[in-house]
Amino acid sequence: MTKLIFKKTYSPLSSAEIIAKEKANMDDKRFQHCVRVSETSRKLSKLNNYDEDKAALAGFVHDYAKQVPVEEYVKVIKDQDFDPDLLNWNRAIWHGIVGTYFVERDLKIRDPEILMAIRRHTTGDVEMTTLDKIVFMADFIEPGRDFPGVDEARKITYANLDKGVGYQLAHTLSFLIEQRNKVYPRTLAAYNVWSTK
Ligand SMILES: [Fe+2]
Ligand SMILES: [Fe+2]
């Protein structure tokens, strides 16, 4: 069992309750990823003078809704008045933008900064707060990640968080184009802000 401890500042639930709910909502591989993102978020917040406990919680819950069934997402998008264009996308996009609905409902986290960081963690955005950047980058460079360029990504991010964001967006865009995958418009807009010279 993990030694994660979350204070009650951002949720009325206890640390043990948050961890149990997270565990029940995903497979073990995803859970371990969330633990590592939490730890990496803590490390990045220390380097960037951000509230470590807040970043550790945001990192831990960032993928809370990644494995929620597709039918449930479709229902929530329709019933909760999310932008209907989201129905043209998939869980890769939904678990950030719509995932906050489940985080609020199940984990009782209502802090706007934490919810925003979850919302933006897969697509990135034109404007990003320090917490947005921390979670976005921790997700990309956590120790379990292994892709060509990850060492460079880590080096850049630990030296300069903004440059890390630029690196990730360029990397993701190249990958999506290589695979002839659709690019979410917000990701393209973010790339124009963070990655170009
Ligand atoms: Fe994610
Ligand atoms: Fe993730």
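Select Asp-63 to start: at 1% relative accessibility it counts as buried, since the cut-off for buried is under 20% relative accessible area. The model is predicted, which applies to every stop below.

**The iron ions**

Next, select the iron ion (ligand 2). How far apart are the iron ion (ligand 1) and the iron ion (ligand 2)? The separation is 3.4 Å, and Asp-63 coordinates both ions.

Is His-95 buried or exposed? Its relative accessible area is 1%, so His-95 is buried.

**Gln-67**

Return to the loop between α3 and α4 and select Gln-67, which is found there. Gln-67 has a relative accessible area of 30% and is therefore partly exposed. That value falls between the limits of 20% for buried and 50% for exposed.

Show what surrounds Gln-67. Leaving out residues up to four places away in sequence, Gln-67 touches Asn-25, Met-26, Asp-27, Arg-30 and Arg-91.

**The whole chain**

Zoom out and colour by secondary structure. The protein chain has 11 helices and 0 strands. From the N terminus on, the run of elements is α-α-α-α-α-α-α-α-α-α-α. The radius of gyration is 16 Å, close to the 16 Å that the globule rule gives for 197 residues, so the chain is as compact as a globular protein of that length. Along the principal axes, the C-alpha atoms fill a box of roughly 45 × 40 × 30 Å.

Colour by burial next: buried residues account for 48% of the 197 residues. For contacts between residues at least 6 apart in sequence, 61% join residues at least 24 apart.

Switch to a surface view. The protein chain exposes about 10,100 Å², and 51% of that comes from carbon and sulfur atoms.

Finally, select the charged side chains. There are 30 positive and 29 negative ones, and the centres of the two sets lie 2 Å apart.

Definitions and conventions
Residues are numbered from 1 along each chain as its sequence is written. Chains are lettered from A and ligands numbered from 1 in the order in which they are written. This is a predicted model: local features need pLDDT of at least 70, side-chain atom pairs count only at pLDDT 80 or more; totals for chains, interfaces and linings use all residues. Side-chain values use heavy atoms; hydrogens and water are left out. Helices (H or I, at least four residues) and strands (E, at least two) are DSSP runs, numbered from the N terminus. The radius of gyration is taken over C-alpha atoms; the globule rule is 2.2 Å times the number of residues to the power 0.38. Buried means under 20% relative accessible area, exposed over 50%, partly exposed in between (1.4 Å probe, protein chains only). Contact means heavy atoms within 4.5 Å. Accessible areas come from the Shrake-Rupley method with a 1.4 Å probe; for residues, only the protein chains shown count as cover. Lys and Arg count as positive and Asp and Glu as negative; His and the chain ends are not counted. The place of a charge is taken as NZ of Lys, CZ of Arg, CG of Asp or CD of Glu. Donors are N, O and S atoms within 2.8 Å of the metal (3.2 Å for Na, K and Ca); water is not among the atoms, so sites may look incomplete.
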